[in-house]
Amino acid sequence: MSRSVKKLLIIGLVWPEPTSSAAGTRMIQLVDLFLNKNYEITFASAASKSDFSYDFAQTPVTEQQIRLNDESFNSFLKTLNPEIVMFDRFMVEEQYGWRVQQECPDALRILDTEDLHFLRSARQQGDKKQTKIDLFSDTAKREMASILRCDLSLIISEVEMDILKNQFKMDPSLIYYLPFLEEEINQQVIEKWILFEDRADFVFIGNFLHEPNWNTVQVLKTRIWPLLRKRLPNTNLNIFGSYASQKVLQLDNKNEKFLIKGRAANAKETIAKHRILLAPIQFGAGAKGKFIDAMQVGTPSVTTSVGAEAMKGDLDWNGSIENDLELFIEEAVKLYQDKNSWQVAQQNGVQIINQRYSAKHFADPFIQEVERLSSGLTTHRQNNFFGQILNHHTTQSTKYMSLWIEEKNKK
């Protein structure tokens with residue numbers, strides 16, 4: 001007999017930091033989604049907490065510090081006995097998946113990919129070496145194996161869904177499109193937005209531990225801003241982001257009006273004060289939280305096709321998408337100066353949020369899919385025989401490597 005309250009265990013690569021990264025925001029959205037459906041949630045991680053880790057103490061979520069390569073995790077699993085286990089990124093599934101399979105074989109295993117790491121890595125290598133993008137890397141093999149071993153993997157971008165289905169022939173029953181889950185923008189929200197006349201300057205924001213963000217800041221510093229500030233000499237470019245290292249901080253130059261501001265206490269409030277978000281992103285994957293935040297506060301953005309990838313569908317962008325850097329600058333100047341174009345861009349953002357990211361559209365169908373899989377798990381796994389093969393062999397190899405490390409740690 002099934003219990004009325006189901007237990008969900010989330011194993012985090014890190015403790016989520018929604019003020020630091022889109023990945024942290026995404027994780028808290030998933031937690032809130034399951035809490036709203038009355039799931040009993042335990043969030044576990046072997047990572048250390050930071051000053052910016054999300055405060056689960058204000059929620060019904062139970063926190064659990066765990067250890068990597070340690071049999072204490074098996075005891076914890078047996079005691080908790082969750083119906084669902086969610087892995088935060090494929091590396092976590094590699095580390096803990098075999099123990100979950102061993103102790104909780106009937107638990108539904110979900111992988112939250114965040115974004116496809118192999119895709120981001122391949123694009124980064126292609127950009128660095130100026131070569132054709134090679135998706136078929138060792139990282140791809142690892143990530144694909146993790147997807148196959150799990151019962152369902154969450155994909156945040158439709159482009160990534162297409163790549164998995166068409167280039168890697170992934171069974172559609174194993175992957176599920178679940179974008180950011182946002183509140184819809186209504187008229188009351190719009191009326192609180194800061195007016196065009198009351199905003200000033202350009203802004204970029206992003207976690208500097210994320211390589212695409214660091215690369216974007218370099219592009220802004222060396223290729224965009226020297227030309228753009230000549231066109232708009234009375235404007236600043238304010239760069240915000242968590243975990244700014246010395247190499248980031250040394251780019252600060254008051255004479256050039258290129259200002260490194262460090263961590264934003266509140267990303268949306270920070271973006272809301274600026275007229276335009278500039279993000280000439282050269283490589284990356286997934287959906288970009290900075291654009292969601294910008295749309296939520298009525299700040300148009302100028303970005304590249306990689307930056308806007310999969311985010312707008314067939315709708316018009318909330319600003320401009322331009323890969324040619326000279327045209328990028330032209331679009332930035334136009335949007336900054338032309339109130340009418342700026343307001344049209346704002347409204348485009350409203351449409352994108354409400355039509356493509358409204359939690360109302362996605363929450364219930366996703367929970368229904370989770371519950372459908374939970375009730376028919378045996379058949380689902382039989383249909384994924386390649387996954388069974390991988391689980392059989394990976395369990396053996398990963399298990400004995402982990403046990404070897406465990407024994408080594410005891411000495």
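Predicted model: local features only at pLDDT ≥ 70, side-chain atom pairs only at ≥ 80, totals over all residues.
Residue numbers start from 1 along each chain as its sequence is written. Local features need pLDDT of at least 70 and side-chain atom pairs count only at 80 or more, while totals for chains, interfaces and linings use all residues; side-chain values use heavy atoms, with hydrogens and water left out.

**Stop one: helix H3.** Select residues 90–103, a 14-residue helix (helices are DSSP runs of H or I, at least four residues, and strands are runs of E, at least two, numbered from the N terminus). Its end C-alpha atoms are 19 Å apart, close to the expected 20 Å (1.5 Å times one less than the number of residues). Now pick Tyr-96, where H3 bends by about 55 degrees (the angle between axes fitted to the seven residues ending there and the seven starting there). Tyr-96 is also among the buried residues of H3, which include Trp-98 and Arg-99 (buried means under 20% relative accessible area, exposed over 50%, partly exposed in between, with a 1.4 Å probe and protein chains only).

**Stop two: helix H5.** Jump to residues 138–149: these 12 residues should span 16 Å, and the end C-alpha atoms are 17 Å apart, which agrees. Colour the buried ones, including Glu-143, Met-144 and Arg-149.

**Stop three: E9 and E10.** Select 237–240 with E10; the two strands run parallel over four bridges (pairing takes at least two DSSP bridges). Find Phe-240, whose bridge partner in E10 is Gly-262. Strand E10, residues 258–262, has four of its five residues buried.

**Last stop: Leu-209.** Look in the loop between strand E8 (202–205) and helix H8 (211–231). Leu-209 counts as exposed because its relative accessibility is 64%.
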